[in-house]
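Please look over the sequence and the model shown here, and read the report below alongside them.

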Amino acid sequence: LGDCHFKKQPPVVLKSMGPCNFDVGLLSFEGDAQQQARCLLAPVGPIGKLTGPLESLPEALTTVGTAERLPRREALRQLLAERGLEATFSGRLSDPVSHAHDNDPLSRSATYFLIHDTSAPNFGGRGWPADINTDRNINRLARYACGNKIERAHIFIIRLGEIFHPHDFSVPWRATKFEMAVEFGSALKGLVLHAELIQPRRSMTGRGRGNDFLAPAPGFTPEQYDSLALVYTVASVRAGFWLIPVYHAVIDEGIFNKHDDPQNFELDAFAASLARLREQLFTTRVSEPKPE
């Protein structure tokens with residue numbers, strides 16, 4: 001496990017507050033939670049071109065910003081134990097999430113759940129491996145672990161659904177150019193929770209390393225959507241309300257050299273995974289603790 005070293009980026013100076021009109025005083029984008037989600041989940045096309053906002057949200061996401069149909073911790077804890085994730089998540093289900101202003105307890109708690117893709121590894125002009133969902137060069141979580149603990153996100157999910165959770169949701173973190181803009185200082189540090197989905201890329205030019213604009217189709221696997229729904233639910237239960245999902249490309253729109261992820265993300269597939277998980281949690285009979 002080696003230390004990670006990321007290329008130093010020039011300071012980000014914003015030309016606007018983005019397509020969803022961020023209000024730094026309120027630490028919120030414009031509109032109610034559903035309006036924000038429809039803007040922040042604008043579909044992301046090749047090279048990061050946006051085609052939004054959405055006219056409506058999938059039914060499973062219409063509860064954003066509320067505690068409606070938020071599962072009980074006991075049911076979630078039991079499900080995590082059944083899936084072998086008790087050590088990863090269960091011990092801190094009652095703990096709060098991070099707060100803005102670098103974890104100032106008087107500031108707004110984490111409100112946004114930001115979806116990334118890793119855009120790596122980059123196959124350049126080469127074709128995809130025979131099975132990108134099982135190829136170990138792609139699906140090796142150790143490649144994202146940093147000995148110096150500066151992983152780029154709270155969560156990483158490989159294409160078979162396995163989860164790496166290097167930063168607890170109580171840890172304030174930033175992983176977008178927008179969050180790091182000089183105008184904000186550390187105000188946005190802790191406002192957003194970050195999840196990376198493993199997705200390899202290829203060069204659109206087909207020559208050498210080139211760029212990383214070409215993503216596989218489908219972009220993600222059912223296992224990734226299922227794990228993302230679970231992680232999103234864990235984070236929302238800890239926050240006390242359904243967090244507002246965000247795409248990386250949307251929050252960084254208008255910034256020079258912005259990112260283009262997530263590519264080929266199917267919001268309906270994610271919502272379907274969330275609906276199935278929610279149904280399972282609400283029909284699970286919670287085991288009573290055994291008497292001593």
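The report takes up helices, aromatic rings and one proline in turn.

The model is predicted, so that local features need pLDDT of at least 70 and side-chain atom pairs count only at pLDDT 80 or more, while totals for chains, interfaces and linings use all residues. Residues are numbered from 1 along each chain as its sequence is written, and side-chain values use heavy atoms, with hydrogens and water left out.

Helices and strands are DSSP runs numbered from the N terminus (H or I with at least four residues for helices, E with at least two for strands). The elements discussed here are located as follows.

| Element | Residues |
|---|---|
| helix α2 | 73–82 |
| helix α5 | 222–239 |
| helix α7 | 267–283 |

The axes of α2 and α7, which are lines fitted to C-alpha atoms over the stretch in contact, with angles running from 0 to 180 degrees between N-to-C directions, come within 9 Å and cross at roughly 110°. That makes α2 roughly perpendicular to α7, a term for angles of 65 to 115 degrees. Ala75, Leu76 and Leu79 in α2 meet Leu277, Gln280 and Leu281 in α7, where contact means heavy atoms within 4.5 Å. By class, five of the residues in this contact are nonpolar, one is polar and none is charged.

Helix α5 has 18 residues and reaches 26 Å from its first C-alpha to its last, close to the 26 Å expected at 1.5 Å a residue, the expected span being 1.5 Å times one less than the number of residues. Of the 18 residues in α5, 15 are buried, that is, under 20% relative accessible area with a 1.4 Å probe and protein chains only. Gly240, with a positive phi near 90°, follows α5.

Across the whole structure, a search finds 17 aromatic pairs, defined by ring centres within 6.5 Å, with the six-membered ring used for Trp. Tyr247 and Phe265 form one that is edge-to-face, at 5.5 Å centre to centre and 70° between the planes, the term requiring planes over 60 degrees apart. This pair links distant parts of the chain, with Tyr247 in strand β5 and Phe265 in the loop between α6 and α7, 18 residues apart. Both Tyr247 and Phe265 are buried. One aromatic cluster includes these two residues together with Phe113, Phe220, Tyr225, Tyr232, Trp242 and Phe270.

Pro172 is found in the loop between β3 and β4, and its relative accessibility of 13% is why Pro172 counts as buried. Although Pro172 and Leu193 are 21 residues apart in sequence, their C-alpha atoms are 8.1 Å apart in space. Not counting residues up to four places away in sequence, Pro172 touches Ser98, His99, Asp102, Asn103, Lys189 and Gly190.

Notes: Parallel < 35°, antiparallel > 145°, perpendicular 65-115°, else oblique. Nonpolar A, V, L, I, M, F, W, Y, C, P; charged D, E, K, R; others polar. Buried < 20%, exposed > 50% of the residue type's maximum accessible area, 1.4 Å probe, protein only. Phe/Tyr/Trp six-rings, centres within 6.5 Å; stacked < 30°, edge-to-face > 60°.
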